[in-house]
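Subject: Structure for you to look at

Hi,

Here is the structure I promised to send over.

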Amino acid sequence: MIDLYFWTTPNGYKVLQFLEETGIPYRLIPVNISKGEQFEAEFLKISPNNKIPAIVDHDPIVGNEPITIFESGAILLYLAEKTGRFIPNDTKGHAEVLQWLFWQMGGLGPMAGQNLHFSHYAPERLDYAVDRYVNETARLFKVLDKQLADREYLAGEYSIADMASYPWVAMYKKLKQDLSDFPNLKRWYEQINARPATISAYEIGSSINTVPTVTEESKKILLGQKAETLAA
Ligand SMILES: N[C@@H](CCC(=O)N[C@@H](CS)C(=O)NCC(=O)O)C(=O)O
């Protein structure tokens, strides 16, 4: 049994997609990051960076002790290796998936995250910052679009690399992008969007998201973090 500590954000959906694709038994544990539940001591033991997603695998690959993992890329890789699904075994195919997974973790995720911050949540409008991150998101979408010009998925078969990028591309409107500017990416997006596991992951996610996630109170929690926030 896998416990998935989850909230309805792109990084959470990456792992939920994987679990729905494979059908391995899991329990969803919502962590309402708008209410500050990510700072609860029990959660920080699992995820010291106070962020979802995180997992506890009660039936790990080795040993009898439960394994805890935070960081969505590390979780996807662990689950792919545990199940033998969504990552090839051969060295070349494995490396291709890893490079696109790391590209998402180090590039698309952080840049799109800053785009959301400055486009929607920053307390003052900073044109320079909005332009920088909207343009950088567009450049990264173009990288995906070019990669997808002559292949169905980012690295061979549908893989954890696609699952990592999909939830961020799915936010294209909030990221101020027009998918018709990226026809190959649009085709890829529509293909993944129609997968039964993607549909069920988003249905499950939306069923737990019953309160508005971004309020003035939640902004103080999410946007006002300092070293002292974790001091206790
Ligand atoms: N690099 C991390 C980023 C995770 C992340 O940013 N999670 C956000 C939601 S998408 C979060 O939990 N934020 C809560 C907070 O910052 O307090 C990953 O990919 O797992």
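The C-alpha centres of domain 1 and domain 2 sit 21 Å apart. The assignment has domain 1 as 2-85 + 211-230 and domain 2 as 91-194, with bounds taken from an automatic or database domain assignment. Where the two meet, domain 1 puts in 17 residues and domain 2 puts in 16 residues (contact means heavy atoms within 4.5 Å).

Before you go further: this is a predicted model, where local features need pLDDT of at least 70 and side-chain atom pairs count only at pLDDT 80 or more, while totals for chains, interfaces and linings use all residues. Residues are numbered from 1 along each chain as its sequence is written, and side-chain values use heavy atoms, with hydrogens and water left out.

Now the largest pocket. It holds about 1,400 Å³ of space. (A pocket is an open set of points on a 1 Å grid over the protein atoms alone, where a 1.4 Å probe fits, with protein on both sides within 12 Å along at least five of seven lines; lining residues have an atom within 4 Å of a point. The volume is the space filled by probe spheres set on the points, which are joined across faces, edges and corners.) It is lined by 49 residues, and Thr9, Asn11, Ile33, Gly113 and Trp168 are the closest to its centre. Both domains give residues to the lining, so the pocket lies between them. The largest share, nine residues, comes from α4 (helices are DSSP runs of H or I, at least four residues, and strands are runs of E, at least two, numbered from the N terminus).

On to the largest nonpolar core, which has 58 residues; Ile55, Leu79, Phe141, Ile160, Leu185 and Trp188 have the most contacts inside it. (Such a core is a set of buried Ala, Val, Leu, Ile, Met, Phe, Trp, Tyr and Cys residues joined through side-chain atoms within 4.5 Å; buried means under 20% relative accessible area with a 1.4 Å probe, protein chains only.) Here too α4 gives the most, with ten residues.

Is Asn50 buried or exposed? Asn50 is buried, at 6% relative accessible area. Beyond its neighbours within four places in sequence, Asn50 touches Gln38, Phe39, Phe43, Leu44, Gln225 and Leu230.

Cheers

Terms used
Buried means under 20% relative accessible area, exposed over 50%, partly exposed in between (1.4 Å probe, protein chains only).
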